[in-house]
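I opened the two-chain entry and kept notes as I went. The entries follow the order in which I looked things up.

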Amino acid sequence: MDITVKDLTHLYNPKTPFERIALKDINVQIKSGTFLSIIGHTGSGKSTFIQHINGLLKPAKGEITVGDVTIKAGEKNPKLTALRKKVGLVFQYPEHQLFEETVEKDICFGPMNFGAAEEEAKRKARDALDLVGLPESVLNRSPFDLSGGQMRRVAIAGVLAVEPEVIILDEPTAGLDPVGRREMLSLFMKLHKQKSLTTIMVTHSMDDAAFYSDEVMVMDKGRVVMKDKPEAVFSHIEKLQSLGLDVPETIKFLLQLDERCQVGIGTPVFSIPETAAKIMEMLGQGREKGARV
Amino acid sequence: MFNIIIGQYVPGQSIIHRLDPRVKLISIFIFVIIVFLANNWITYGLVVLFSIIGILLSKVPFRFIYRGLRAIIIIIIFTFILNVLFTKQGDLLISIGWIHIYKGGLIGGLFISIRLLAIIVITTLLTLTTTPIDITDGIEILLGPLKKIKLPIHEFALMMSISLRFIPTLLEETEKIMKAQSARGSDFASGSVKQRIKAIIPLLVPLFVSAFKRAEELAMAMEARGYRGDEGRTRLRVLKWTGKDTALIIIMLMLTVALVVLRT
């Protein structure tokens, strides 16, 4: 589902002395099927931006089009149910939204709000639970008895059960241990491919942004600074650092290696095998040039 | 829903902001009592003058004071109308059908309205210019003597400051959970009363869960930092009584005397 954002401006506390511009003239196109990562300093407007895509905030100016639903500033919102059914939003620490007595009921909450019958919702709940890799045996347990990681999976299943076409993730790995992080991200990657979703992920990890996404969007002070392929974004190292951001570890490594080889790192790479190949290449070139490596 | 009266503090550096909260509390206490002494144009004039000077000195935009009044203005208008219609004193001014308006009623209604307005403006001024924490500190010290008769003043004050401190946090949390549930198709704004009440459950349960968790964490954090109640505890923010505080007390006394002397 294509997402088009035109001249989007958002104000916090409009018409009070605390008025603050949260987003300023955002123009973005997100093609159907893209895995987009949004990076930016705390307070750069990432979370505000993604909430607009779900119709949770009203634009002060501009418009947002998701599929065939358009939200325009100054106009009464169209029926948002249709939009929210298609755009699943996983908030930061989604486990905080759990409330039902059983896991099953909690996962069914979404589908039933969007008009699914009980039987259908239950089937969807089982499917979603399977997608997030939890056994069916947890269905009848209280979500509050589960471990933190399991609770998060249940909460995510609650969003997936609605079967959205766009999924938005706000720092989905915050507070997870390294194994949990990797599992969570590969889960979303798998879903993205399997269900040909459009995925938008807000993250603080440059490694994740670089490794998983088709495109990376950099935000600063409510504006979009860059939006491009990860290779292109992460070659602007100084620019990123001036925004208080960093570059992926692989790039850091290659940069240090290059201080010795003096051959330039060329196209940035983000995975371990690619980096290994790159190292060999750089070492070879370096030796030819007579560097002592 | 987030337009809650507590915590409407408007940051500033005016002389009213810098007054000692204890003095402000005492002065308001005095003011609320002496307003009832006023009973003629001069004394009400003094009361109004005092309120206006207070507003001007605080440098708080009038908009905020109006916002504090908005909720109460209907009550004032209602009181005024009742007084005008049902007080039969002085000359008859207007008489249309069953409505008879007397001069005494008009003046009486006006006076009562002014009295209410003045009290509300001055108390609003307190919350606009004093942080909730300062108010609590002030109350704790002023009520300090009651500790002698074993009233748990410190605990009350602590409870109050913790609640005040967590109001914005809880509101934020509410907003967040509301959004999360809206994203899952919850509808908080429409439907029948029964549906709306049902829609609140997905909001309340997570809110309670997190509030309890937060309370536990806070208690642990306080204990870890050595909190053990009131005994031998010193203050981070020591309230300072300065010249302007004494001045305000003197002004209050003068106002009292003036009202007593000038009232008829």
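How many residues does the contact take from chain B, and how many from chain A? I found 15 residues from chain B and 18 residues from chain A, where two residues are in contact if their C-beta atoms, placed from the backbone, lie within 7 Å.

Before going on, I noted that this is a predicted model, in which local features need pLDDT of at least 70 and side-chain atom pairs count only at pLDDT 80 or more, while totals for chains, interfaces and linings use all residues. Residues are numbered from 1 along each chain as its sequence is written, and chains are lettered from A and ligands numbered from 1 in the order in which they are written.

**Interface, chain B side**

I looked up which elements give two or more residues to the side of chain B that touches chain A, and they are helix H7 (153-183) and helix H8 (193-224) of chain B. Helices (H or I, at least four residues) and strands (E, at least two) are DSSP runs, numbered from the N terminus. H7(B) provides the largest share of this side, seven residues. By class, I read seven nonpolar, five polar and three charged residues on the side of chain B that touches chain A. Here Ala, Val, Leu, Ile, Met, Phe, Trp, Tyr, Cys and Pro count as nonpolar, Asp, Glu, Lys and Arg as charged, and the others, Gly among them, as polar.

**Chain B**

I listed nine helices and two strands in chain B, in the order α-α-α-α-β-β-α-α-α-α-α from the N terminus on. The radius of gyration of chain B is 24 Å, well over the 18 Å that the globule rule gives for 264 residues, so chain B is more spread out than a compact globule. This radius is taken over C-alpha atoms, and the rule is 2.2 Å times the number of residues to the power 0.38. The C-alpha trace of chain B spans about 70 × 55 × 35 Å along its principal axes.

The domain assignment, automatic or from a database, gives domain 1 (15-130 + 240-262) and domain 2 (152-224) of chain B. I note that their C-alpha centres lie 37 Å apart.

In the unreviewed UniProt entry, I found "transmembrane region" listed for residues 28-57, 69-86, 106-128 and 245-262 of chain B; such annotations may be inferred rather than shown by experiment. I checked two of these spans in the model. Residues 28-57 of chain B are 80% helix and 0% strand, with end C-alpha atoms 16 Å apart. Residues 245-262 of chain B are 100% helix and 0% strand, with end C-alpha atoms 25 Å apart.

**Chain A**

I listed eleven helices and ten strands in chain A.

**Burial and cores**

I count 42% of the 293 residues of chain A as buried, and 21% of the 264 residues of chain B. Buried means that 20 or more other C-beta atoms, placed from the backbone, lie within 10 Å of the residue's own.

Which residues touch the most other members of the largest nonpolar core? Of its 80 residues, Ile107(A), Ala157(A) and Ile168(A) do. A nonpolar core is a set of buried Ala, Val, Leu, Ile, Met, Phe, Trp, Tyr and Cys residues joined through C-beta atoms within 7 Å. Helix H5 (residues 148-160) of chain A gives the largest share of this core, seven residues. Another core, of 21 residues, lies apart from it and includes Ala38(B), Phe50(B), Phe64(B) and Leu255(B).

Methods
A residue is buried if 20 or more other C-beta atoms lie within 10 Å of its own, exposed if 12 or fewer, and partly exposed in between; C-beta atoms are placed from the backbone.
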